Amino acid sequence: MYDVLIVGCGITGAAAAFQFSRYRLKVAVLERENDVADGTTKANSAILHAGYDPEPGTLMARLNVRGSALARQLCTRLDVPYRQCGSFVLAFSPEESVMLHTLYQRGQDNGVPGLRLLTGEEARAADPNLSPQVAAALYAPTAAICSPWEYCLALAETAVRNGADLHLETAVTGLERLEEGWLVHTNRGDFRSRYVINAAGVFAQALHEMAAPKTFAIHPSRGQYFLLDKSEGDRVSHVIFQCPGPSGKGVLVAPTVHGNLIVGPNADPVPDGDVGTTAQGLAYVRSTALKSVPSVNFRASIRNFAGVRAVSDRGDFIIEWAAPGFLDLAGICSPGLTAAPAIAEYAAQLLERDGLALEEKESYCCQRRRIRFHDLSPAEKARLVAQDSAYGRVICRCETVTEGEILDALRSPIPPRSVDGVKRRVGAGLGRCQGGFCGPRVVEILAREQQVSPGAIVQDRAGSWLLAGQTKGGTDHV
Amino acid sequence: MKELICIVCPKGCHLQVDEAQDYHVTGNHCPRGEEYGKMELTHPTRVVTSTVRCTGGTHPRCPVKTDAPIPKGLIFQAVRCLDGVELTAPVHAGDIVVPDVCGTGVSFIATRDL
Amino acid sequence: MYDLIVIGGGPAGLAAACAAWEKGLKRILIVERDRELGGILNQCIHNGFGLHYFKEELTGPEYAGRFIRLLADTGVEVRLDTMVLTVTEDRQVHMVGKNTGYRIEKAKAIILAMGCRERTRGAIAIPGQRPAGVFTAGAAQRYVNMEGWLPGRRVVILGSGDIGLIMARRMTLEGARVLACVEVMPYSGGLNRNIVQCLHDYDIPLYLSHTVTDIRGRDRVEQVVVSKVDEHRQPIPGTELVFDCDTLLLSVGLIPENELTRQAGIAIDPRTNGAVVYEDMETSLPGVFACGNVAHVHDLVDFVTAESQRAGRAAADCVLGGTAPEGSVLEVKTGDGVTYTVPQHIRPGRVAKNCDLFFRVNRVCGDSQILVQSGDTPIARFSRDHLAPGEMEHIVLPRSLLEGASGSITVSIREVASK
């Protein structure tokens, strides 16, 4: 019997697991995919928003501003790439300049620190590649960029280090109310828990309706992106937004913590949660972004991707009891990445109010460090390689990722199960050749370390097989 | 008259071969092109390259080739001769891997040291 | 202190090191990131290499093997499994290896011979889902030829570059079904001989003026949609062909691998994506040379060898003090129909007798003239009965001719009769 069982290990579920693992509780996290951060968390703008967008008084407003402050501390403690680079919202017309004032006022009401309204000249002085058409800008110094999947992974890893049980490839198939708590049916057997927390992202509505009558609907909204080469990485030094419209915060241009440039997203409804890109969607993103920053060189594109956001019909985060012992954390669309630790904090308060005792563990450990060879000084590199020669074998030449770092990941609390799992943990394959060089080498290391055939290694999710079989009459077919 | 693209070198000359005139070749820039034009219509052949299994070397496969062209119609049959062959390192470039492939008298030979 | 450090032990690095050794350099080091010398030739197990240089037809491993054996007879030092991380302006080379540790070596001259990498799906923005099963042709070649794994059983190939064509044949011979080779241009990017012996021989259809417009499949490729394109390379609605397949191979171009070059502050030519070089392959940083696919993408390894030997000899001259004074510098400009030239600059005073000039054209032409002008004055003409973007062109300019020019020369093409 668990005390708290969390369904879904995206950023919301991982933050909840992190939060509850501080206490003397038995905590479980169920994740249907073979890795954490596999849904919305792995494909988004990677922005930690300052908090001037949401309407004052909403959960979004309160938890965004609180989450933004928590994220800064957490990313430092958990060694998550994070940079507080600030953001601009651009206005191109007098009407949009009025909109900036509205956002400024909202930000003041929401308690966002340091907001300033700038003229077009002031904005261009700070970010010279902005369009000459920019008439005014709202500057938010607390906006930041981060690595969303490493953030999620760091929270989940810390939870596991502190005793939480993570069950991957475990999908909930049904829920039964018990006298005390819930019986959770999955493809991997039954789990019992006093509390169930619904952090199932785009599947949150379906999970809710296994436990209670319908109270909300999730309408997945797809956003498409370009990721550009590091040669474009300093095209802008702030996160560049346009004025928000009815479908969200619009197309942004932003640096990434890995040194690339990210451009996107558009927004189109996808009932089935499909994450494909389309020629029209990409063309829209491209032309819209060029309005903000006309010099973006799209020839330097290294990857396109799309993600789905779990937009609900309520217009705010849905954080409430669906049934006794069953808490929804649903409709966590933007600014969900920012708000996640604050959502978790709030969830803990709700469970405590419901009677769950939250006693801090004495042995609780909230530190995480990993070796990033690329970022070390020559002297540190030399010392590291002398200690362990695995750090001397560069596997990914674009991002300078070593075998040592991949082995570290394989020995971490949540080891990668796929080539992309390695990518998300250490960055191998993230660069301009997109794994063309390191892919076969990562497959070789995974196969060797997991003592399986290379034919059993998958690219990403279970089913994303890479190799059809051996040549020359091999019998080792998948 | 048949039009062919010569494959003996990267130049890729456009050949005309006249079957009625004893396979007279025009459009070639060298004597090897003439030879190719005739052969391609009378008795087309190819050098076949592939790999075989190899244990104990740097890689699990060793590249091989036929040491002379073989009839085009035998390519798939020839490649099948390599299934199940397993070399053991050390292997030297030029080592015979499969002799007399499909009765042609041509051998598959290793093309690298391993 | 080394006389010369060569970065990369593929065909360019091997030829450059051997040539520098023959010229009398003693302390030479080759740094190679892989566990063996030979570079990409090791996975190019097909034949067709060496017709120019060795006057016989060799496979890739055989071609590499010849140079590896040549090198073994020299005193050139080799560090395998070692990656160069940084090259500084004062010619320090930072490198790291599993067995060699982290080292900083200084050299009197450096030759950049890092080769190139393949363009990816992201570079050409193919829309669709993101399943496994989309490989660059070179990655697939490594799996099939070196590691003994077949990456898929039903294959569509995008791009008719030589690696794509070669892989069409290879995968067919290993039992896969290659359903189509798709090329966005109205002509093939590969050599004619490869169209014949890799596609025609195996009845693999080539779709010219077509491209991939959708990739379908949640976890693994299930379908690839191919559409015809108009003259602006835009897909034409209604022309979609759907292929049920599990694999898409991309052979959509190569990009010189110049991260180290950029870091060192060396001037890059946006047309070649390689360093701007002089007639002897010296870059804008004195004492640093570039050759092979890192300078510009070649079609034939034989030309990589010849160019790298020139770079190796020039590096030796530079170290041994045999270099002629720099004198005047001619800029080589690209005129009509010419996309790039190598070299981009010529110092006539350093041209021994002749200067080799390589370039590519931007369209397919029949009978044509290659025109070299100094200002408005034609100084040389060369006839060709065929020009194509997929085939690197080569002309030889005598020193006397170059000495007569001033400031710059321009290379252009004029089609005499269309094909």
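**View 1. Ile47(A) and Ile145(A) are bridge partners, the latter in β8(A).** The model is predicted: local features need pLDDT of at least 70, side-chain atom pairs count only at pLDDT 80 or more, and totals for chains, interfaces and linings use all residues. Residues are numbered from 1 along each chain as its sequence is written, while chains are lettered from A and ligands numbered from 1 in the order in which they are written. Strand β8 of chain A covers residues 144-146 and pairs with β3(A) in the antiparallel sense, over two bridges. Two strands pair if DSSP finds at least two bridges between them. Strands (E, at least two residues) and helices (H or I, at least four) are DSSP runs, numbered from the N terminus.

**View 2. Three strands of chain A form an open sheet.** The order is β3-β8-β4, with antiparallel pairing. At the edges lie β3 (47-48) and β4 (82-83) of chain A, each pairing on one side only. In general, strands of a sheet pair through backbone hydrogen bonds, either parallel or antiparallel.

**View 3. Domain 1 of chain A touches domain 2 of chain A.** Chain A is divided into domain 1 (1-81 + 144-217 + 313-369), domain 2 (82-143 + 219-312) and domain 3 (373-475). These bounds come from an automatic or database domain assignment. Taken over C-alpha atoms, the centres of domains 1 and 2 of chain A are separated by 27 Å. The contact involves 39 residues of domain 1 and 41 residues of domain 2. Two residues are in contact if their C-beta atoms, placed from the backbone, lie within 7 Å. On the domain 1 side, β3, α2 (59-77) and β8 of chain A each give two or more residues. The largest share, five residues, comes from α2(A). By class, this side has 24 nonpolar, ten polar and five charged residues. Nonpolar means Ala, Val, Leu, Ile, Met, Phe, Trp, Tyr, Cys and Pro; charged means Asp, Glu, Lys and Arg; the others, Gly among them, are polar.

**View 4. Chain A meets chain C.** The contact takes 47 residues from chain A and 41 residues from chain C. Elements of chain A that give two or more residues to this side are α7 (279-292), β18 (301-312), α9 (378-387), α12 (439-450) and β23 (469-470). The chain A side has 21 nonpolar, 19 polar and seven charged residues. Strand pairing also links the chains: β23(A) and strand β11 (residues 149-150) of chain C pair in the antiparallel sense over two bridges. Trp149(C), in β11(C), is the bridge partner of Gln470(A).

**View 5. Chain A has twelve helices and 23 strands.** A compact globule of 478 residues would have a radius of gyration near 23 Å, and chain A agrees with 22 Å. The radius is taken over C-alpha atoms; the globule rule is 2.2 Å times the number of residues to the power 0.38. Buried residues make up 58% of the chain A total. A residue is buried if 20 or more other C-beta atoms, placed from the backbone, lie within 10 Å of its own.

**View 6. Chain B has two helices and ten strands.** From the N terminus on, the elements run β-β-β-α-β-β-β-β-α-β-β-β. Chain B has a radius of gyration of 17 Å, but a compact globule of 114 residues would have one near 13 Å. Its C-alpha atoms fill a box of roughly 55 × 25 × 15 Å along the principal axes. Of the 114 residues, 37% count as buried. Chain B is divided into domain 1 (2-43) and domain 2 (49-110). Their centres, taken over C-alpha atoms, are separated by 29 Å.

Notes: A residue is buried if 20 or more other C-beta atoms lie within 10 Å of its own, exposed if 12 or fewer, and partly exposed in between; C-beta atoms are placed from the backbone.
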